[in-house]
Amino acid sequence: MRDCIDIEYRFQDRRLNEAYQARLEHSAGEDRTRLREAQRKWIARRDERCAFDAESGQAGALDAYVCRLDMTHKYFTTRHARNAGQRS
């Protein structure tokens, strides 16, 4: 199950990164700075929210993977897909 989640996470993460890079390339000045700051804040929020608690065992690890996958997919669809005209 973890392998399937990893595959999907890598796909979603790559898609998010490609959309982010495309937006970054077309941004300048304050827009570019705001975009970078928003991305950094989101990554910190995702990492904090989806942190793995070693005491929770394998179920906790799976929850952390699913959390990262869900948050990455949702962030792409709400922030980048509409700007790129893409669907999830």
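## Reading side-chain pairs in a predicted model

Q: How many aromatic pairs does the structure hold?
A: This is a predicted model, and the structure holds one aromatic pair.

Q: How are the rings of Trp-42 and Tyr-75 placed, stacked or edge-to-face?
A: Look at the angle between the planes: under 30 degrees counts as stacked. Here the planes of Trp-42 and Tyr-75 meet at 15°, with ring centres 4.3 Å apart, so the pair is stacked.

Q: Which parts of the chain does the pair tie together?
A: Trp-42 lies in helix 2 (residues 29–49) and Tyr-75 in helix 3 (residues 57–84), so the pair ties together parts 33 residues apart in sequence. Both Trp-42 and Tyr-75 are buried.

Q: Now to charges: how many salt bridges are there?
A: Side chains of opposite charge can pair when their charged atoms come close. A search of the whole structure finds four salt bridges. One of them joins Arg-34 and Glu-30, with the closest N and O atoms 3.4 Å apart. These two residues are four apart in helix 2, so about one helical turn separates them.

Q: Is Glu-30 buried or exposed?
A: Glu-30 is exposed, because its relative accessible area is 61% and exposed means over 50%. Arg-34, at 45%, is partly exposed.

Q: Where does Arg-68 form a salt bridge with Asp-47?
A: The closest N and O atoms of Arg-68 and Asp-47 are 3.0 Å apart. This pair links distant parts of the chain, with Arg-68 in helix 3 and Asp-47 in helix 2, 21 residues apart. Asp-47 also meets Arg-46 in a salt bridge (2.8 Å, N to O), and Arg-46 counts as buried at 6% relative accessibility.

Note on methods: Residues numbered from 1 in each chain as written. Predicted model: local features only at pLDDT ≥ 70, side-chain atom pairs only at ≥ 80, totals over all residues. Heavy atoms only, no water. Phe/Tyr/Trp six-rings, centres within 6.5 Å; stacked < 30°, edge-to-face > 60°. Buried < 20%, exposed > 50% of the residue type's maximum accessible area, 1.4 Å probe, protein only. Salt bridge = Lys/Arg side-chain N within 4 Å of Asp/Glu carboxyl O.
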